[in-house]
Amino acid sequence: MESGSTANPALAGVRNIIAVASGKGGVGKSTVAANLAIALQMHGQKVGLMDADIYGPSVPMMMGVGPVDPQIANFPIEKYDLKLMSLGFLPDATKGVLLRGPMVGKWVTTFLTQINWGDLDFLVIDMPPGTGDAQLTLCQVANVTGAVIVTTPQDVSLLDAVKALNMFNQLRTPVLGVIENMSYFVGDDGKRYEIFRHGGGKRLAAEANVAFLGEVPIDPRVAECGDAGEPMIRRHTESPAAKAYLALAGAVMDAAANAKTDALPEVVL
Amino acid sequence: MADGVTLKPLSLKRDGDGLTIHWADGVVSHLPFRLLRKQCPCATCNEERQKPPDPFRIITDKDILAASPQPKQMIPRGHYAYQIVWNDGHDTGIYTLEYLRKLGEPA
């Protein structure tokens, strides 16, 4: 399935573009995107990870790549065999970026059209929260194969996840399914604690008539590894969270293969 | 009206002074370029349309060109819309499929 637009050579070799999105911030999009990217790689795929969060890029820290000298660096940056791009790689951006909306669109367009992504099975895009400039630009510039919506189980998070779902419907971008992050915690006593309630992701998927892709448990090592610059799934391959990500990646691959992503016909003028 | 998710254009072609769209459900829309330009959905044009006409308006070269609007390019935008680049340089209108379909229906 060809998702890279022929008009855009930067994405011509990219077979699937997956947007990891949510309505609400803080549900773990970046963590899910980083671990999903590695999990897809563990399934034998060639993967890139693009950070579309212009105001708050997380990919550099989660992947352990500091700012680089843009004069001599080759973008995308390669680490763990992943191709990475983030505004956080630019030294000036680490101080914080003060930009109006249209500039966000320009940066996202730059990442999608000026970076040589090369030959990739999957380009995972870590979206900022909300339904704004970055999301619109992405869905206009690239032929996105599908979006996965990350949510946490409680209703407040679901409220905004519904908005994200509706946005992708309006932009005719297929929603591959819902991922429930921070689903539960298994204590030393082996008991399952549902810290943020239970079943919200499943309910949302059922209501929106999209697939439920899986749930990822809370594991303190997820945050620890993210801060240390190596996604948890690489370091603790046997943990329940890592297994959940591997299953998730399988589900995403199946869903992407089945997604109907016919490009719009060219206009004959 | 067909809903946005199932709406699918099969072909879009210039036909004289307009655009003919063949839709997957068999419907054929003919959209004169003049209508497309007049109903440009961009923010600037939306605002212009809401203003009362200015009797002291000076007609510029651009307006004269726009009187017989010709699209120079029509670029697919993702899975949901086309961007039209007009001969007078105006290019900010993103026409969603729903909008194109609606414009082709009798008022």
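Visitor: Which residues have the most contacts inside the largest nonpolar core?

Guide: A nonpolar core is a set of buried Ala, Val, Leu, Ile, Met, Phe, Trp, Tyr and Cys residues joined through C-beta atoms within 7 Å. A residue is buried if 20 or more other C-beta atoms lie within 10 Å of its own, exposed if 12 or fewer, and partly exposed in between, with C-beta atoms placed from the backbone. In this predicted model, the largest such core has 93 residues, and Val20(A), Leu36(A), Val124(A), Ile125(A), Tyr245(A) and Val252(A) have the most contacts inside it. Helix α9 (residues 240-258) of chain A gives the most to this core, with 11 residues. Helices (H or I, at least four residues) and strands (E, at least two) are DSSP runs, numbered from the N terminus.

Visitor: What is Tyr245(A) in contact with, leaving aside its neighbours within four places in sequence?

Guide: Two residues are in contact if their C-beta atoms, placed from the backbone, lie within 7 Å. For Tyr245(A) the partners are Asn35(A), Leu36(A), Ala39(A), Val216(A) and Ile233(A).

Visitor: At what angle do helix α3 and helix α4 of chain A pack?

Guide: Two packed helices are described by the angle between their axes and the distance between the axes. Axes are lines fitted to C-alpha atoms, for helices over the stretch in contact, and angles run from 0 to 180 degrees between N-to-C directions. Here α3 (residues 101-113) and α4 (residues 133-141) of chain A pack at about 35°, with axes 8 Å apart. The residues of this contact divide into 6 nonpolar, 5 polar and 1 charged. Ala, Val, Leu, Ile, Met, Phe, Trp, Tyr, Cys and Pro count as nonpolar, Asp, Glu, Lys and Arg as charged, and the others, Gly among them, as polar.

Visitor: How many residues of chain A are in contact with chain B?

Guide: 17 residues of chain A are in contact with 16 residues of chain B. On the chain A side, α4, α5 (155-170) and β11 (267-268) each supply at least two residues. That side divides into 10 nonpolar, 5 polar and 2 charged residues.

Visitor: What is the secondary structure of chain B?

Guide: Chain B has 4 helices and 6 strands, in the order β-β-β-α-α-α-β-β-β-α along the sequence. Buried residues make up 20% of its 107 residues.

Visitor: Where does pLDDT stay under 50 in chain A?

Guide: pLDDT is the predictor's confidence in each residue, from 0 to 100. In chain A it stays under 50 over residues 1-6. Where pLDDT is low, the predicted coordinates should not be read in detail. The mean for chain A is 91, and 97% of its residues reach 70 or more.

Visitor: What conventions apply?

Guide: Residues are numbered from 1 along each chain as its sequence is written, and chains are lettered from A and ligands numbered from 1 in the order in which they are written. In this predicted model, local features need pLDDT of at least 70 and side-chain atom pairs count only at pLDDT 80 or more, while totals for chains, interfaces and linings use all residues.
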